[in-house]
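I opened this notebook to record what I looked up, entry by entry.

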Amino acid sequence: MTQLHVSNHPLVKHKLTLLRDKNTDSKKFRELVKEIAILLAYEATADLSTAMAPIETPLAPMEGVRVKETIGLVPILRAGLGLVDGVWEMMPSAEVWHIGLFRDERTLRPVEYYNKLPVSPTVDVCLVLDPMLATGGSAIATVDILKRWGAHRIKFMGVIAAPEGVAAFTKAHPDVPIFVAAVDDHLNENGYIVPGLGDAGDRQFGTA
Ligand code: PRP
Ligand code: URA
């Protein structure tokens, strides 16, 4: 079974094109990240288990359906924050745990600086959120942390991946599915995804 899911939805493609455009300002960029997050969350949660839920409509009793599994959102700071609101609107009871990592600009290796996980896992599924899967180092390190902590069912949701990042991540964590809007061409010498969208954190937060 392939663990890489690239959205084929026309709305995702349309919004991603606007997101990539260098003329898109920070406000619009944040709106688009949120909207893409909603659309990707729909795809990333398609296999959640459900249970029957008896209810009464104004006209008759019926067997409804509710989501049985509990979900934890794990945004990788900073840029992963932008994906939280959209997903959270769809799953308001999800818990949110922040992991802080930045890429050392020289080595491109992730450096951990923040971890707000509770003592032990309290949910069935962890959804790791980060718009960019470049070398894959940050996502791999986050899933390493979650597995050491005891999480069993983990998914990664991002916006753009590089083929190099997909290969590294799949090698390190073959059990963790990847949901993205696009897989781009390559990484440049600075570890940026080409054509990509530039620096996702800087574009969201208006930092240079
Ligand atoms: C970016 C991005 C990912 C990481 C991807 O974060 O949001 O976390 O780079 O690169 P990788 O796959 O090679 O690890 P960055 O380190 O720039 O930090 P920021 O989110 O605080 O801007
Ligand atoms: N981080 C980003 O924000 N953009 C890239 O292209 C690679 C890593």
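Predicted model: local features only at pLDDT ≥ 70, side-chain atom pairs only at ≥ 80, totals over all residues.

Entry on helix H1. I looked up which residues of H1, spanning residues 10-20, are buried, and found Val12, Lys15, Leu16 and Leu19. Viewed down the axis of H1, these buried residues fall within an arc of 105°, so they line one face of the helix. I then checked what the buried residues of H1 pack against, and listed helix H2 (26-44), strand E11 (160-161), strand E13 (182-183) and helix H6 (200-205).

Entry on ligand 2. I noted the residues that surround ligand 2, among them Arg103, Met132, Tyr192 and Asp199. A backbone N or O atom of Ile193 lies 2.8 Å from an oxygen atom of the ligand, while a polar backbone atom of Gly198 is 2.8 Å from a nitrogen atom of ligand 2. On its own ligand 2 has 240 Å² of accessible area, of which the protein covers 89%.

Entry on ligand 1. Of the 14 residues around ligand 1, I recorded Arg103, Asp130, Thr135, Gly136 and Ser138 as coming nearest. A polar side-chain atom of Thr135 lies 2.5 Å from an oxygen atom of ligand 1. Taken alone, ligand 1 exposes 500 Å², and the protein buries 90% of that.

Terms used:
Residues numbered from 1 in each chain as written. Chains lettered and ligands numbered in written order. Heavy atoms only, no water. Buried < 20%, exposed > 50% of the residue type's maximum accessible area, 1.4 Å probe, protein only. Helix = DSSP H or I, 4+ residues; strand = E, 2+ residues; numbered from the N terminus. Arc of directions from axis to C-beta. Contact = heavy atoms within 4.5 Å. Near = heavy atom within 4 Å. Polar contact = N/O pair within 3.5 Å; in protein donor to acceptor, adjacent residues only side chain to side chain. Areas by Shrake-Rupley, 256 points an atom, 1.4 Å probe, with all protein chains shown as cover.
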